[in-house]
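Here is a short briefing on one protein model. Look it over first, then read the points below.

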Amino acid sequence: MRKDSEKVLGNDTKNMLNTISGAYSIPLINKLFSMTKNMSDIEDFYSALIVLRKTGNTFVAMKMIRGLFGFAGVEYPYLISALDKEIEMQEFFLSELLDDFHEIIDERKLGSE
């Protein structure tokens with residue numbers, strides 16, 4: 001996340017984006033897990049999104065997220081698509097989604113041990 005977004009986004013907006021991420025990302029990631037049954041595939045999705053975020057390719061990362069929803073057979077949520085023109089919101093949302101993604105990967109790994 002860019003330092004500029006720290007100044008631009010207030011706590012209410014950050015809380016809203018966190019809620020949107022949890023509401024849509026967690027079910028999506030769980031669906032992807034149930035479809036692939038292969039932890040390395042899920043980790044590859046996560047790694048690709050991390051690289052896109054670190055290289056400033058938020059637009060491409062958001063397109064990939066849209067594709068993951070399609071792959072999972074889930075309609076792309078309006079509340080996420082509404083972020084299309086708001087780069088700071090997209091960056092924060094991506095950060096929240098990656099946090100959720102990482103948490104679920106860790107939970108799955110712990111559950112399989």
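How many salt bridges does a search of the whole structure find? The search finds two. A salt bridge here is a side-chain nitrogen of Lys or Arg within 4 Å of a carboxyl oxygen of Asp or Glu.

This is a predicted model: local features need pLDDT of at least 70, side-chain atom pairs count only at pLDDT 80 or more, and totals for chains, interfaces and linings use all residues. Residues are numbered from 1 along each chain as its sequence is written, and side-chain values use heavy atoms, with hydrogens and water left out.

**Salt bridges**

- Lys109 pairs with Glu43, and their closest N and O atoms are 2.7 Å apart.
- Lys109 sits in helix 6 and Glu43 in helix 3, so this pair ties together parts that are 66 residues apart in sequence. Helices are DSSP runs (H or I, at least four residues), numbered from the N terminus.
- Lys109 is partly exposed at 36% relative accessibility, and Glu43 is partly exposed at 23%. Buried means under 20% relative accessible area, exposed means over 50%, and partly exposed is in between (1.4 Å probe, protein chains only).
- Arg66 and Asp84 form a salt bridge at 3.5 Å, N to O.
- Arg66 lies in helix 4 and Asp84 in the loop between helix 5 (78-81) and helix 6, so the pair links parts 18 residues apart in sequence.
- Arg66 counts as partly exposed at 33%, and so does Asp84 at 40%.

**Nonpolar core**

- The largest nonpolar core has 29 residues. Such a core is a set of buried Ala, Val, Leu, Ile, Met, Phe, Trp, Tyr and Cys residues joined through side-chain atoms within 4.5 Å.
- Leu49, Ile65, Ile80, Phe93, Leu97, Leu98 and Phe101 touch the most other members.
- Helix 2 (11-36), helix 3 (39-54), helix 4 (58-71) and helix 6 each supply at least two residues of this core.
- Helix 6 gives the most, with eight residues.

**Negative surface patch**

- Asp99, Glu103, Asp106 and Glu107 form a negative surface patch. Patch residues have over 30% relative accessible area and no salt bridge; like charges are joined within 9 Å, and nonpolar side chains (Val, Leu, Ile, Met, Phe, Trp, Tyr) within 5 Å.
- Glu107 belongs to helix 6 (residues 87-112). Glu107 is partly exposed, with a relative accessible area of 47%.

**Met64**

- Met64 is in helix 4 and is partly exposed at 22%.
- Met64 and Leu52 are 12 residues apart in sequence and 9.7 Å apart in space, C-alpha to C-alpha.

Key. Areas by Shrake-Rupley, 256 points an atom, 1.4 Å probe, with all protein chains shown as cover. Lys, Arg positive; Asp, Glu negative; His and termini not counted. Charge placed at Lys NZ, Arg CZ, Asp CG, Glu CD.
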